[in-house]
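This briefing goes through one protein model by topic, for a reader who has not seen it before. Please keep the sequence and the structure in view while reading.

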Amino acid sequence: MKILALQGSARKKGNTAKVLGWVEEELIARGHEAALVYLHTKNLNGCMGCAKCKNVVDDVGCVQKDDVPDILLQMIASDLVIFASPLYFWGVSAQLKAVIDRTYSLYTRYHEPGHASLLEGRRQALLVTGAGGWDNNAEAAFTAFGRIHKPHKTIHAGQLYVGSCTTPADMDASVREQAVAFARRITA
Ligand SMILES: Cc1cc2nc3c(=O)[nH]c(=O)nc-3n(C[C@H](O)[C@H](O)[C@H](O)COP(=O)(O)O)c2cc1C
């Protein structure tokens with residue numbers, strides 16, 4: 001499977017990077033082709049909501065000329081995209097949210113006959129790390145992720161929240177096991 005990870009944390013050696021590293025190791029060990037885009041180094045603008053993309057059916061319709069159209073093309077060319085992020089104020093980081101918002105340009109005629117998506121049939125997974133526990137904290141990110149598959153016409157491949165994070169050095173073998181199990185689940 002061709003897999004693209006969108007790393008939404010600016011911290012290259014942070015908690016999300018550590019868990020994602022374990023996920024990628026397992027994916028590669030299982031023969032998958034894994035690529036990573038470190039979003040913090042990219043020039044990412046938010047969606048302008050101009051809806052000009054809605055007139056473009058068979059290509060990335062976004063009119064903005066930053067680094068996002070190329071990332072969207074990489075998403076289209078992948079069988080599975082992993083959205084990876086620290087939890088920031090109950091949601092994903094601004095870097096990742098900007099890319100997710102710009103996927104607005106990948107589908108047309110939502111809620112109408114002829115709804116089409118350039119991501120149709122692809123798999124998507126969510127990996128989030130946070131300082132807090134699950135309750136009253138991580139649910140919103142999972143809920144939002146659960147809803148994007150309808151406009152995208154994608155398959156919800158799986159989700160993982162690693163909570164109570166302090167530093168990457170403090171992550172024990174049980175977190176690695178969760179990462180490995182997640183890698184297997186999202187490609188099964
Ligand atoms: C701006 C900001 C907002 C945060 N908001 C939350 C939050 O809502 N819930 C939570 O559990 N942790 C929150 N945290 C903690 C981070 O999610 C946590 O430390 C995460 O594992 C950091 O990942 P990283 O090392 O990959 O950047 C926040 C941290 C920052 C800097």
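N55 is exposed, because 8 other C-beta atoms lie within 10 Å, and the cut-off for an exposed residue is 12 or fewer. N55 is found in the loop between β2 and α2 (68–76). The model in which this residue is seen is predicted.

**N55 and T108**

- Y107 is 52 residues away from N55 along the chain, and the C-alpha atoms of the two are separated by 9.9 Å.
- T108 is placed in strand β4 (residues 107–108).
- T108 counts as partly exposed because it has 18 C-beta neighbours inside 10 Å, while a buried residue would need 20 or more.
- Not counting residues up to four places away in sequence, T108 touches K54, V57 and A116.
- Between the C-alpha atoms of T108 and A51 there are 9.9 Å, with the two residues 57 apart along the chain.

**Positive phi angles**

- Most residues other than glycine have a negative phi.
- H111 is not a glycine, yet its phi is positive, at about 70°.
- H111 lies in the loop between β4 and β5 (116–117), and it is exposed, with 7 other C-beta atoms within 10 Å.
- K153, also a residue other than glycine, has a positive phi near 60°.
- The position of K153 is in the loop between α5 (149–152) and β7 (155–162).
- K153 is partly exposed, since 17 other C-beta atoms lie within 10 Å.

**Strand β1 and its partners**

- Strand β1 (residues 2–7) is largely enclosed by the rest of the structure, because 5 of its 6 residues are buried.
- β1 runs parallel to strand β2 (residues 33–38), and 6 bridges join the two.
- Within this pairing, A5 stands opposite L36 in β2.
- β1 also pairs with strand β3 (residues 80–86), in the parallel sense and over 5 bridges.
- L80 in β3 is the bridge partner of I3.
- A right-handed β-α-β unit is made by β1, α1 and β2.

**The ligand**

- The ligand is surrounded by 17 residues, and the closest are G14, T16, P86, G130 and G132.
- Helix α1 (residues 15–29) gives the largest share of this shell, 3 residues.
- By type, the shell divides into 8 nonpolar, 8 polar and 1 charged residues.

**The whole protein**

- The protein has 6 helices and 7 strands.
- Read from the N terminus on, the order of elements is β-α-β-α-β-α-β-β-β-α-α-β-α.
- What radius of gyration does the protein have, and what would a compact globule with 188 residues have? The protein has 16 Å, which agrees with the value near 16 Å for such a globule.
- Along the principal axes, the C-alpha atoms fill a box of roughly 50 × 35 × 30 Å.
- Of the 188 residues in the protein, 38% are buried.
- Among contacts with a separation of 6 or more, 76% are between residues 24 or more positions apart.

Key. Residues are numbered from 1 along each chain as its sequence is written. This is a predicted model: local features need pLDDT of at least 70, side-chain atom pairs count only at pLDDT 80 or more; totals for chains, interfaces and linings use all residues. A residue is near a molecule or strand if its C-beta atom, placed from the backbone, lies within 6 Å of it. Helices (H or I, at least four residues) and strands (E, at least two) are DSSP runs, numbered from the N terminus. Ala, Val, Leu, Ile, Met, Phe, Trp, Tyr, Cys and Pro count as nonpolar, Asp, Glu, Lys and Arg as charged, and the others, Gly among them, as polar. Two strands pair if DSSP finds at least two bridges between them. A crossover is right-handed if, with the strands pointing away from the viewer, the path from the first strand over the helix to the second runs clockwise. The radius of gyration is taken over C-alpha atoms; the globule rule is 2.2 Å times the number of residues to the power 0.38. Two residues are in contact if their C-beta atoms, placed from the backbone, lie within 7 Å.
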